[in-house]
Amino acid sequence: MAYDAPINEIEFSLKELAGIGQLAGLPGLEAYDAGIVRPILEEAAKLASEVLAPLNPSGDSQGARLGDEGVIAPDGFKAAYDAFRKGGWMGLAAPEEWGGQGLPRALALGVMEMFHSANMAFGLCPMLSYGAVEALLAHGTDGQKKTYLPKLVAGDWTGTMNLTEPQAGSDVGALTTKAAPNADGSYAITGQKIYITWGDHDLAENIIHMVLARLPGAPKGSKGISLFLVPKFLVHADGSLGARNSVRCIGLEKKIGIHASPTCVMEYAGATGWLIGEANKGLACMFTMMNSARLNVGLEGVGVGEAAYQAAFSYAKDRRQGAAEGVSGPAPILHHADVRRTLITMRARVAAARAICYACGVSADLAHASDVPSVRAAAKAREDLLTPIAKAWSTDMGVDVASLGVQVHGGMGFMNDTLAAQLYRDARIAPIYEGTNGIQAIDLVGRKITANGGASMRAMLTEIDETVRLARSTNDPQFVQLAERLWAASKALAETTDWMLARMKAEEQDKALAGATAYLALAGDVIGGHFLARAALAARQKDPDFRARQMALAGFFAETSLASAPGRVPGITEGGDRFLDNSRALFGID
């Protein structure tokens, strides 16, 4: 199946739902105007469909491999990366000061969605480089920025995040990698890191590792970790490459998916590194990278979901089985109502997740670029609220939609050599990446809605109320019904938000966190339904076919996901009590 980038849907979501137009003319984004969105998406679509998508199945079957000199990417990946680099895609949203194009992050998200749809394993490589760039921009010294940013922004060098160790996964405070001071101000980094995505490869001439380690005498736990920059090849003062550093990949993890993306075990044997930010303040630097990565991982869910939908739709048009009215002989399974129901479920959920992620991206742009303090503050609160939802809801969606894609294929979907099967395997890592989705739910409840007493969620609910009002004001029966479903769902979200805030205030944290994952799922459904309703309203000014498609997606989502929202409240507010009262006996915990 050929990947067909959904340019119209991406452009519509960016402009009509996320509101990317409000970024025009802001400081640092002077290069952006509405007229460049379509051309950029069209060029990215060519790279995605013509270069990256054809490598997806072959990369999966061949996989990355470890040779004598390091990791070797699958055939064709180096040429694909060269095309990506020469196209300037790495620097799309980077500041012009460092060789970037100074365009909105939200627009870069639209581009990255296509790359993840076409070839998620490939897309992971630049995704990690974005995190390294963000960390240097926020925390690097002037000298570090001058040395490393131009090469990273150009794509000549790539970046990684080295956080996890065998005994320290999500609990990064348990890491033991050591950083010993050298006489010249650098540090000797010693330790082992696991699960390092694109930790070594032959696509670029240098790799810049961002490594969490512990200084001598550092406090225990997360308060005693620092972030270090450790290049694969040392860099001379003139920017040329020097000797190989004492860091290497000593093994590749064997995974159920993303086989073309090398997931490395990295060994640091006194490797030379430099402190990023302040000593023992590595957690703040890490979260700069993590927040960037979390939104981009959410886009992986959107990308894989879109690819799974396209593969299932293509198969449903061609696969003939069973009888259908008006069709002579076996009918394409697309004629069967249950198959069409499955396909619209897939498409509606992808569209909702796309809008959530793009809205988060525009909020991040506004929080960084707006010259109005109140706008920056409101945008930052919106970004903080949407980030865990974008990451968790979208990646759960990606797995569910990929699973539905296998179901549409039937027995053929269970065959390892089908794209449907590969997408299902590839998608499964995304809910685990960059803080598992359970951690995202804890973050949403424990930090994001409590940080400002629920103000950011109440602002979101006020926006949803306005969507309800607009839909009712059309006096169109379809929109009125849509408004009623969205209104009831928003009240369920408001009730559970108040309950969560009350439990956290009463220091009944276990009760709140026991329902956190269900709460995040509800929040994603309601906010996603809000964006789909907005899409249907905006589409009234479009051509009849586009208008009908948006109404179909919004209406179906409202009658399924939103309609169930009020009934999910007890599972959030009461289910935790029942669980906590009996869980020790259930699991044999003393």
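These legends walk you through several close-up views of a predicted model.

Because the structure is predicted, local features need pLDDT of at least 70 and side-chain atom pairs count only at pLDDT 80 or more, while totals for chains, interfaces and linings use all residues. Residues are numbered from 1 along each chain as its sequence is written, and side-chain values use heavy atoms, with hydrogens and water left out.

View A. Lys232 sits in the loop between strand S7 (226-231) and strand S8 (233-235); strands (E, at least two residues) and helices (H or I, at least four) are DSSP runs, numbered from the N terminus. With 9% relative accessibility, Lys232 counts as buried; buried means under 20% relative accessible area, exposed over 50%, and partly exposed in between (1.4 Å probe, protein chains only). Its side chain meets that of Asp200 in a polar contact of 2.8 Å. A polar contact is a pair of N or O atoms within 3.5 Å; within protein, one must be able to donate a hydrogen and the other to accept it, and residues adjacent in sequence count only if both atoms are side-chain atoms. Leaving aside neighbours within four places in sequence, the contacts of Lys232 (heavy atoms within 4.5 Å) include Asp200, His201, Asn206 and Arg244.

**View B. Asn162 in strand S3.** Asn162 belongs to strand S3 (residues 157-162) and is buried, its relative accessible area being 0%. A polar contact of 2.8 Å joins its side chain to that of Thr160. Not counting residues up to four places away in sequence, Asn162 touches Lys193, Ile196, His209, Met210, Val211, Leu212, Met266 and Tyr268.

**View C. The Arg38 and Glu42 pair.** The side chains of Arg38 and Glu42 form a salt bridge, 3.2 Å from N to O; the term means a side-chain nitrogen of Lys or Arg within 4 Å of a carboxyl oxygen of Asp or Glu. Because the two residues are 4 apart in helix H2 (residues 37-62), about one helical turn separates Arg38 from Glu42. Arg38 is partly exposed at 27% relative accessibility, and Glu42 is partly exposed too, at 34%.

**View D. Further salt bridges.** The structure holds 31 salt bridges. One of them pairs Asp75 with Arg65 at 3.9 Å, N to O. This pair links distant parts of the chain, 10 residues apart: Asp75 is in the loop between strand S2 (70-72) and helix H3 (77-86), and Arg65 is in strand S1 (residues 65-67). Another salt bridge joins Asp443 and Lys448, whose closest N and O atoms are 2.8 Å apart. Asp443 is buried at 6% relative accessibility, and Lys448 is buried at 17%. Salt bridges also link Asp82, Arg85, Lys151, Asp156 and Glu205 in a network.

**View E. Helix H7.** Helix H7 (residues 337-369) has 33 residues and reaches 48 Å from its first C-alpha to its last, close to the 48 Å expected at 1.5 Å a residue; the expected span is 1.5 Å times one less than the number of residues. Of those 33 residues, 25 are buried, so H7 is largely enclosed by the rest of the structure.

**View F. A nonpolar surface patch.** Phe579, Leu586, Phe587 and Ile589 make a nonpolar surface patch of about 440 Å². Patches are made of residues with over 30% relative accessible area and no salt bridge, with like charges joined within 9 Å and nonpolar side chains (Val, Leu, Ile, Met, Phe, Trp, Tyr) within 5 Å; accessible areas come from the Shrake-Rupley method with a 1.4 Å probe, and for residues only the protein chains shown count as cover. Phe587 lies in helix H17 (residues 575-587) and is exposed at 54% relative accessibility.
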